[in-house]
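Please keep the sequence and the structure in view while reading.

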Amino acid sequence: RFRREGNEMISTPAAMLYRHLLAEAKRINHYNVREYALRRVRQGFQECRGLTGDAATAAYEQGKRDLELLRRQATIYNMYPVERSVMEAPRPAF
C-alpha cells in the first residue's frame, strides 16, 4: 500500500515486498513458470490482505523467504534458455 504524505508517496514494507516479488517473477524467461509465479504472488497477497499483528508479521517473513527462493529459481531457470512459447510469439499480420 502507498500513503500520500504531502507530495511524496511513502510505501510500506509489504508494498515494497510485493513489487520485488513481481519484478523477480517477471525476470523468469520460461512463460509457464513466470505466469505461475506472478499468479501466486498476486494470490498470496490477496489471501493475506486482512491480516494484522503476529499473523501479518509471519506472512511478511514468509514473503521475504519466498522472494529469496524466487531469486534463486529465476537465476536457475535463466541459465537454460528455451524457445518462446506460442503464448509469447508475436501475432502474424494478416
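This is a predicted model: local features need pLDDT of at least 70, side-chain atom pairs count only at pLDDT 80 or more; totals for chains, interfaces and linings use all residues.

A residue counts as buried when its relative accessible area is under 20%.

**Overall make-up**
- The chain holds 3 helices and 2 strands.
- Read from the N terminus, the order of these elements is β-β-α-α-α.
- Among contacts with a separation of 6 or more, 62% join residues 24 or more positions apart.

**Helices H1 and H2**
- Helix H1 spans residues 13-27 and helix H2 spans residues 31-47; their axes come within 8 Å and cross at roughly 165°.
- Angles over 145 degrees count as roughly antiparallel, and H1 and H2 are therefore roughly antiparallel to each other.
- The crossing of the two helices is left-handed.
- H1 makes the contact through Ala14, Leu17, Tyr18, Leu21, Leu22, Ala25 and Lys26, while H2 contributes Arg34, Ala37, Leu38, Val41, Arg42 and Phe45.
- Sorted by class, this contact has 10 nonpolar residues, 3 charged residues and no polar ones.

**The loop between H1 and H2**
- His30 sits in the loop that lies between H1 and H2.
- His30 counts as buried because its relative accessibility is 15%.
- Leaving aside residues up to four places away in sequence, His30 touches Tyr77, Tyr80 and Val82.

Conventions:
Residues are numbered from 1 along each chain as its sequence is written. Side-chain values use heavy atoms; hydrogens and water are left out. Axes are lines fitted to C-alpha atoms, for helices over the stretch in contact, and angles run from 0 to 180 degrees between N-to-C directions. Helices (H or I, at least four residues) and strands (E, at least two) are DSSP runs, numbered from the N terminus. Angles under 35 degrees count as roughly parallel, over 145 as roughly antiparallel, 65 to 115 as roughly perpendicular and the rest as oblique. A crossing is left-handed if the near helix is turned anticlockwise from the far one by less than a right angle, and right-handed if clockwise. Contact means heavy atoms within 4.5 Å. Ala, Val, Leu, Ile, Met, Phe, Trp, Tyr, Cys and Pro count as nonpolar, Asp, Glu, Lys and Arg as charged, and the others, Gly among them, as polar. Buried means under 20% relative accessible area, exposed over 50%, partly exposed in between (1.4 Å probe, protein chains only).
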